[in-house]
2 protein chains.
Amino acid sequence: MLPESPPPVRPVFYVSDGTGITAATIGHSLLTQFSGFRFVTDRIPFVDTPEKARQAVAEIVRAGANCGRRPIVVNSCVDPELNRILSESGALMLDVFAPFIKPLERELDAPRQSRVGQAHGMVDFDTYHRRINAMNYALTHDDGMALDYGDADLILVAVSRAGKTPTCVYLALHYGIRAANYPLTEEDLESDRLPPRLRAHRDKLFGLTIDPLRLHQIRQERRPNSRYAEMETCRREVAAAETLLRMERIPTLSTTHTSIEEIASRILEDLGINREMF
Amino acid sequence: MLPESPPPVRPVFYVSDGTGITAATIGHSLLTQFSGFRFVTDRIPFVDTPEKARQAVAEIVRAGANCGRRPIVVNSCVDPELNRILSESGALMLDVFAPFIKPLERELDAPRQSRVGQAHGMVDFDTYHRRINAMNYALTHDDGMALDYGDADLILVAVSRAGKTPTCVYLALHYGIRAANYPLTEEDLESDRLPPRLRAHRDKLFGLTIDPLRLHQIRQERRPNSRYAEMETCRREVAAAETLLRMERIPTLSTTHTSIEEIASRILEDLGINREMF
C-alpha cells in the first residue's frame with residue numbers, strides 16, 4: 001500500500017496595522033480547530049499605508065501562486081481603505097474586528113475610534129514600569145536566589161527544572177505579577193516539611209510537579225549523566241515533593257502536558273488573582 | 001462649573017473553555033477602539049462543564065446588577081451547549097470564533113473539530129523544549145554575562161536599562177528565539193566602535209535606544225542618586241550609543257513609547273525572522 005500523501009500546504013497571513021499579535025492569536029486559535037491541514041503562517045505587521053498594503057497584497061498573491069492554493073488572510077487592519085486594497089489579493093479575508101464592532105457600537109451607543117495599532121502599541125510609563133519591575137523581581141527571586149518574600153504576589157514551589165522560571169517570567173511579563181520561586185532542596189524533601197521561610201507566606205504558595213521521566217529528559221540535557229539527572233533521583237525527588245505539597249495542602253499542578261500559558265492561567269484562577277493581561 | 005463625572009463602569013468578562021487568552025486578546029483590542037468608557041474586565045477561564053457555565057452566568061449576572069449596566073461577554077467556548085447556558089446571562093455576547101467558522105469550513109471543505117481549550121492548552125515536548133531552551137539562553141546571555149554568540153538568533157545592543165532584558169525574554173517565550181543582549185560599556189562608547197566580538201555577528205545585531213530622561217527615571221529607581229543614574233550620564237551615554245549604532249549601520253529602535261510586544265515584532269520584521277508565535 002502506498003503511504004498517504006501529506007495534505008497540501010495552505011498559506012495563512014496575519015496582517016495588521018500594528019504588531020499582528022491579535023490577528024495571530026485568533027488566527028492560531030481558529031486553525032487549531034481544523035486539524036489534518038498543513039498551514040504555513042506568516043505575519044505581515046505594521047501595514048499602515050496604502051503602499052505597505054499593496055506590498056502585502058503582492059506577497060499574498062505570490063504565496064498563493066507558489067502553493068496553487070488560495071491563501072487565507074486573518075486581518076486586523078482598521079482603516080477601510082487598507083482593507084479594500086488587501087481584499088484585492090483574492091484571498092479568503094477574515095477580518096477579526098468587523099463582526100464585533102456594530103454590536104459594540106449599538107451597545108455602547110458610541111462610534112468606534114479607528115486609530116491604528118492601538119492594542120499592543122504605545123504604552124504609558126506606569127504600565128511599562130510595572131511589567132519591567134515584575135520581571136526584575138522574577139529574575140532576582142529566581143531559584144531561591146533572594147528569599148525576602150514580603151513583596152511577592154505568589155511563590156512557586158517545586159523541584160529543580162519542573163518549570164518554575166518560565167512560569168514566573170510569563171506571569172511578570174503578561175500580568176505584572178511579582179512571582180518568586182523556591183526550589184525544594186534535598187534537605188527540604190527529607191525533612192518532609194516546608195522550610196520556615198515559606199511557611200510565613202502559606203497563602204502565596206503554589207506547587208508545580210512533573211512526570212519523573214520528563215524531568216529526567218530535561219535534566220539530562222542540562223547535566224548529562226549526572227546524579228542530578230538520573231532517573232532514580234528524579235523519581236525520588238518528585239515523589240517526595242508531591243507528598244510534601246499534599247501534606248501541606250499547597251495547590252499543585254503538573255506541568256508535564258501543560259503550556260506555560262495554561263499553567264499561568266490556572267495559578268491565577270486558583271489563587272484568586274485577577275489582573276488584566278498585557 | 002462642576003467637574004465632569006467619570007463615565008459609568010461597564011463589566012466585561014472574557015469567558016473561555018481554555019485559558020481565555022484568545023478571548024482576552026481580541027476583547028482587549030476591541031475595547032481600545034472605544035475610548036472614553038471605563039471597562040472592568042475579568043477572566044473566567046476553564047469553563048468546560050455546564051456546571052461551570054452556570055457558575056459563570058451567576059457571576060456575570062451579579063456584576064451587571066452591581067453596576068446597573070448590561071455586562072459584555074467576550075466568549076471563546078466552542079461547545080454549543082455551554083454557549084447556550086452562557087447566553088442566559090442576558091449579557092451582550094460576542095463569540096470570537098463564530099463569525100469565522102463557516103467561511104473557513106467552506107474554504108477548506110471540512111467541518112471544524114470542536115475540542116475545547118486547544119489553542120493554549122496541551123503542548124508537545126518539542127515546542128515546550130524550544131521555548132524553555134530559548135529562555136535559558138536569554139537568561140544566561142543576559143547583560144553580557146556569556147559572550148559566545150554562535151548560537152544566537154539575534155543580539156540586542158544598548159546602554160544599561162534601555163529595555164534589552166524584557167525584550168529578549170519576550171522573544172524567547174513567544175517565538176522560541178535565542179536572543180542575547182550586550183550592554184554598551186563606557187569603554188565601548190568612548191572607542192566609538194563596536195567591540196570585536198560583536199563585529200563577528202554583525203547581521204544579528206539590533207540596537208535599542210531610549211529617551212535620556214526616561215533612562216534617568218529608570219536608573220534612579222534602581223540606584224538612586226548614583227553617578228550611573230545622573231541625568232548628565234544618561235544623556236551622554238545615549239548620545240554616544242546612538243552615534244555608534246548609526247555609524248555602524250545597526251538597525252535601531254527607541255523603546256521610550258513602545259510596548260515590549262511592538263519592539264519584539266519590529267525587530268523580527270527588520271531582521272527578516274519569521275517564527276510562528278506561541
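Mentor: Let us start with a pair inside chain B: the side chains of B:Asp153 and B:Arg178 form a salt bridge, with N and O 3.7 Å apart. A salt bridge here is a side-chain nitrogen of Lys or Arg within 4 Å of a carboxyl oxygen of Asp or Glu.

Trainee: Where do B:Asp153 and B:Arg178 lie in the chain?
Mentor: The pair links distant parts of the chain, 25 residues apart: B:Asp153 is in the loop between H5 and strand E5 (154-158) of chain B, and B:Arg178 is in the loop between H6 and E6 of chain B. Helices (H or I, at least four residues) and strands (E, at least two) are DSSP runs, numbered from the N terminus.

Trainee: Is B:Arg178 buried or partly exposed?
Mentor: B:Arg178 is partly exposed, at 33% relative accessibility. Buried means under 20% relative accessible area, exposed over 50%, and partly exposed in between (1.4 Å probe, protein chains only).

Trainee: Before we continue, what kind of model is this, and what are the conventions?
Mentor: It is a predicted model, in which local features need pLDDT of at least 70 and side-chain atom pairs count only at pLDDT 80 or more, while totals for chains, interfaces and linings use all residues. Residues are numbered from 1 along each chain as its sequence is written, chains are lettered from A and ligands numbered from 1 in the order in which they are written, and side-chain values use heavy atoms, with hydrogens and water left out.

Trainee: Which residue forms a salt bridge with B:Arg236?
Mentor: B:Glu186 does, with the closest N and O atoms 3.9 Å apart. B:Arg236 lies in helix H10 of chain B and B:Glu186 in helix H7 (residues 186-191) of chain B, so the pair ties together parts that are 50 residues apart in sequence. B:Arg236 is partly exposed at 37% relative accessibility, and B:Glu186 is partly exposed at 32%.

Trainee: Which residue does A:Arg131 pair with?
Mentor: A:Arg131 forms a salt bridge with B:Glu261, the closest N and O atoms being 2.8 Å apart. A:Arg131 lies in helix H5 of chain A and B:Glu261 in helix H11 (residues 260-271) of chain B, so the pair joins two chains. A:Arg131 is buried at 4% relative accessible area, and B:Glu261 is buried at 3%. A salt bridge also joins A:Glu261 and B:Arg131, at 2.9 Å from N to O.

Trainee: Now the interface: how many residues are in contact?
Mentor: 85 residues of chain B are in contact with 85 residues of chain A, where contact means heavy atoms within 4.5 Å. The area buried between the chains is about 8,400 Å², with carbon and sulfur atoms giving 62%. Buried area is the accessible area (1.4 Å probe) that two parts lose on being put together, summed over both.

Trainee: Which elements do the buried residues of H5(B) pack against?
Mentor: In chain A they pack against helices H5 (125-140), H6 (164-175), H9 (212-222) and H11 (260-271), and in chain B against helix H6 (164-175) and strand E6 (179-183). The buried residues of H5(B) include B:Arg131, B:Ile132 and B:Met135.
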